[in-house]
Amino acid sequence: MLKTKHLKIKGFETVVVGKDPSSNFHAIIAVHSTRLGPSMGGIRMWPYTNEKEALSDVLRLAEAMSKKAAISGLAIGGGKAVIIGNPATDKTRRLLLSMGTLIESLKGKYLAAKDSGILPKDLDVVSGQTSHVTGTTGKLGGSGDPSLSTAKGVLTGMQAACQFMYGTKGLRGRVVAIQGVGQVGWNVGNLLFKQGAKLVVADLQPERAARAQQAWNATVVPLSKIHRVPADIFAPCALGGILNSKTIPHLKANIVAGGANNQFLDEEHDPYRLMKRNIMHVPDYVLNAGGLIQLVVREILHQRRLAPWIGNIQQTVQEVLTTALRNHQPPLIVANRMALERINT
Ligand code: NAD
C-alpha cells in the first residue's frame with residue numbers, strides 16, 4: 001500500500017514523499033510552480049544515499065523546470081520526481097506502478113516525463129496507473145525519448161556560444177569534452193561528430209565510453225580528468241554539481257555548454273567563480289530545453305514541427321550572453337532574471 005507524506009517547503013506548491021515497502025518504492029515529487037500551467041518534469045531514478053539527498057536534488061530540478069519552461073516560452077510550470085534506487089538493479093514493474101499511483105494522487109498537477117535512469121518503456125508501465133505521463137512510446141501514443149530533441153537544442157546553443165566567443169558558429173575542428181555519454185551525451189556527441197568536432201569523453205560506465213571511442217574515434221579520459229581537458233567546449237551531460245569550487249580552478253575550456261541539469265553545486269557563488277576565470281557558461285536550462293519542447297509541442301499542443309521552437313534556443317542563448325557581457329553578470333543570473341520575469345508577469 002502506498003503511503004504519502006506532504007512536506008511544506010517554502011517556494012514550492014507541493015512536495016510529496018511516497019513509500020510502498022511491498023514494491024520497495026521510495027520517491028518524491030516536487031511541484032515548484034503551476035502559475036503558467038501544469039507542472040512538468042522528468043522522473044529521475046538514482047541510488048541516492050538517503051531521502052535528504054534525494055529531496056535536495058528534486059527541489060533544485062523542479063525549480064529549474066519552471067525556469068526552463070518560462071524562458072522557452074511554454075505555458076507549463078515546473079515539477080520533478082525522483083525515485084531512490086539503482087535503475088540497473090531496483091527497477092521493477094511494481095515499483096513503476098507505485099510511481100504511477102503517486103503521480104495520480106496529484107490529479108494532474110504534475111505531468112511526468114523521463115529523466116536519467118528512466119526510459120520511455122518504463123513510462124508505458126507508469127501510465128498503467130495514471131494518464132498524467134508524457135514521453136511514453138509510440139505504441140501508447142507518446143512522442144517517445146526526448147533525448148535527441150534535447151541534444152539538438154544543446155547543439156544549436158553551442159553554435160550560438162561559438163559565434164559569441166569565436167565570431168563563427170562552425171563546430172568543425174572544435175574540441176569538445178563530454179562528461180557522460182548516456183542518452184543526451186550520446187546524441188550530442190553524434191551531432192558534434194557529424195559537424196566535424198573532435199571529441200573527448202568520460203563515463204561512469206566504461207562500455208559507454210568505449211562505444212564513443214569506437215563510433216567517433218573519441219579520446220577516453222578518466223572521470224576525474226574530463227573537466228581538465230584543454231577544450232573549446234566542456235559539455236557536462238551527466239548529473240549535476242560538476243561546476244564547483246574544486247573543479248572550476250582546473251577547467252581549461254573556453255565555454256561550458258552541456259545538457260546536464262543543475263551544473264553548479266553552489267548557484268550563489270560558483271557562477272561568479274567561473275566568470276572570474278573568463279569562462280563562458282551557457283545556462284543549462286536554456287540549452288537543454290529541447291526535450292521539454294518536444295513533449296509540450298507534440299503531446300500538449302499537438303503540433304508536428306519542432307524545429308522553429310528548438311531554433312529559438314539559439315536566440316535565447318544570444319540574448320542571455322549579450323546581456324551578461326553588457327551587465328558584467330554571470331549568464332545564469334541573467335537567465336534566472338528573465339525566467340522569473342516571465343513566471344511573475
Ligand atoms: P543518462 O542516465 O542516460 O546518462 C547519464 C550518463 O552519465 C550515464 O551514461 C552515466 O553513466 C554517466 N555518468 C553519471 N555520473 C557520471 C560522472 N560522474 N562522470 C561521468 N559520467 C557519469 O541520462 P540522460 O537522460 O542522458 O540525462 C543526462 C543529464 O541531462 C541529466 O542531468 C538530465 O537531467 C539532463 N537532461 C536530460 C534530458 C533528456 O532529454 N534526457 C533533458 C534535459 C536535461
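Reader: What makes β3 and β5 (residues 77–84) count as paired strands?

Author: The two strands run antiparallel and are joined by 6 bridges; pairing requires at least two DSSP bridges, so the term applies. Ala27, for example, stands opposite Ile83 in β5. The model is predicted: local features need pLDDT of at least 70 and side-chain atom pairs 80 or more, while totals for chains, interfaces and linings use all residues. Residues are numbered from 1 along each chain as its sequence is written, and side-chain values use heavy atoms, without hydrogens and water.

Reader: How do you know that β2 and β3 are joined, and which residues show it?

Author: Strand β2 (residues 14–20) and strand β3 (residues 25–33) run antiparallel and share 7 bridges. β2 and β3 form a hairpin with 4 residues between them, and Asn24 in the turn has a positive phi of about 60 degrees.

Reader: Why are β1 and β6 said to stand at the edges?

Author: The open sheet has 6 strands in the order β1-β2-β3-β5-β4-β6, with mixed pairing. β1 (3–7) and β6 (110–114) each have a single partner strand, so one side of each is left without a neighbour in the sheet. On average, neighbouring strands of this sheet are turned by 20 degrees against each other, direction ignored. Helix α9 packs on the sheet, where it touches β4 (39–46) and β6, and its direction makes about 125 degrees with that of β4.

Reader: Why is β3 called mostly covered?

Author: In β3, 9 of its 9 residues are buried, that is, under 20% relative accessible area.

Reader: What makes Gln303 buried, partly exposed or exposed?

Author: Gln303 has a relative accessible area of 37%. The partly exposed class lies between buried and exposed, the latter being over 50%, so Gln303 is partly exposed. Gln303 is found in the loop between α9 (290–300) and α10. Leaving aside neighbours within four places in sequence, Gln303 is in contact (heavy atoms within 4.5 Å) with Val297, Arg298 and Trp309.

Methods. Buried < 20%, exposed > 50% of the residue type's maximum accessible area, 1.4 Å probe, protein only. Axes fitted to C-alpha atoms, helices over the stretch in contact; angles between N-to-C directions.
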